[in-house]
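I opened the file today to look up a few things in this structure. My notes follow in the order I made them.

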Amino acid sequence: MTSLTPFHIAFPVDDLAAARHFYGTVLGCPEGRSSDEWIDFDLFGHQIVAHLKPRDPAAGPAHRNPVDGHDVPVPHFGVVLQPADWDALAEKLKAAGIRFVIEPYTRFKGQVGEQSTMFFLDPAGNALEFKAFADMSQLFAK
């Protein structure tokens with residue numbers, strides 16, 4: 001695998017104070033620049049930006065696709081971590097009382113692409129997935 005460069009993603013939130021607490025305190029993301037309309041966070045070396053956007057009352061429930069017997073929320077974003085970091089994050093989230101959309105578990109056990117994964121929502125309802133591979137060569141394995 002080649003050296004990775006940081007990615008950037010901007011996403012909507014309806015409460016910047018709640019986003020600041022969730023990403024800064026619960027997930028432990030250092031905060032970068034901010035304004036009254038957005039906040040930059042460092043998510044494991046990647047730049048994520050929470051942009052203030054009022055909640056759309058006409059928006060329906062998140063779309064979901066079946067994967068390994070679970071209903072995966074789409075869209076979602078997250079980071080692939082080392083197994084020890086993934087375990088530590090899962091424990092931190094449990095201790096913080098975060099409700100999981102998909103509880104931490106091993107997906108595709110014994111198959112190509114075996115991975116640890118978990119899904120949860122931020123306060124604005126954005127879905128996040130964090131995963132880990134015991135063997136990183138499985139990240140893009142077919």
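**Core**

I began with the largest nonpolar core, which has 28 residues. Those with the most contacts inside this core are Tyr-23, Leu-27, Leu-93, Met-118, Phe-120 and Phe-130. I then looked up the elements that give two or more residues to this core: strand 1 (8-13), helix 1 (16-26), strand 3 (38-43), strand 4 (46-52), helix 2 (83-95), strand 10 (115-121) and strand 11 (127-132). Helix 1 gives the most, with five residues. I noted that the model is a predicted one.

In soluble globular proteins, nonpolar side chains tend to be buried together.

I picked out Leu-27 and asked which residues it is in contact with, leaving aside neighbours within four places in sequence. For Leu-27 I found Phe-22, Leu-89, Lys-92, Leu-93, Phe-120 and Leu-128.

In what order do the four strands of the open sheet come? I read the order as 1-4-3-2, with mixed pairing. Strand 1 and strand 2 (31-34) are the edge strands, and each pairs on one side only. From one strand to the next, the twist averages 25 degrees.

I looked at strand 2 and strand 3 next, and they pair in the antiparallel sense over two bridges. Glu-31 stands opposite Phe-41, which is in strand 3.

I went back to helix 1 and saw that this helix lies across strand 1, strand 2, strand 3 and strand 4. Helix 1 runs at about 10 degrees to strand 3.

**Gln-115**

I found Gln-115 in strand 10. Is Gln-115 buried or exposed? Gln-115 counts as buried because its relative accessibility is 6%, and buried means under 20%.

What does the side chain of Gln-115 reach at 2.9 Å? I traced that side chain to the backbone oxygen of Gly-113. The side chain of Gln-115 also makes a polar contact with the side chain of Lys-131, at 3.1 Å. Gln-115 and Lys-131 are 16 residues apart along the chain, and their C-alpha atoms are separated by 6.5 Å.

Not counting residues up to four places away in sequence, I listed what Gln-115 touches: Tyr-105, Thr-106, Arg-107, Phe-108, Glu-129, Lys-131, Ala-132 and Phe-133.

**Record**

Over residues 5-133 I noted 19% helix and 45% strand. The end C-alpha atoms of that stretch are 19 Å apart.

Key
Residues are numbered from 1 along each chain as its sequence is written. This is a predicted model: local features need pLDDT of at least 70, side-chain atom pairs count only at pLDDT 80 or more; totals for chains, interfaces and linings use all residues. Side-chain values use heavy atoms; hydrogens and water are left out. A nonpolar core is a set of buried Ala, Val, Leu, Ile, Met, Phe, Trp, Tyr and Cys residues joined through side-chain atoms within 4.5 Å. Buried means under 20% relative accessible area, exposed over 50%, partly exposed in between (1.4 Å probe, protein chains only). Contact means heavy atoms within 4.5 Å. A polar contact is a pair of N or O atoms within 3.5 Å; within protein, one must be able to donate a hydrogen and the other to accept it, and residues adjacent in sequence count only if both atoms are side-chain atoms. Two strands pair if DSSP finds at least two bridges between them. Axes are lines fitted to C-alpha atoms, for helices over the stretch in contact, and angles run from 0 to 180 degrees between N-to-C directions.
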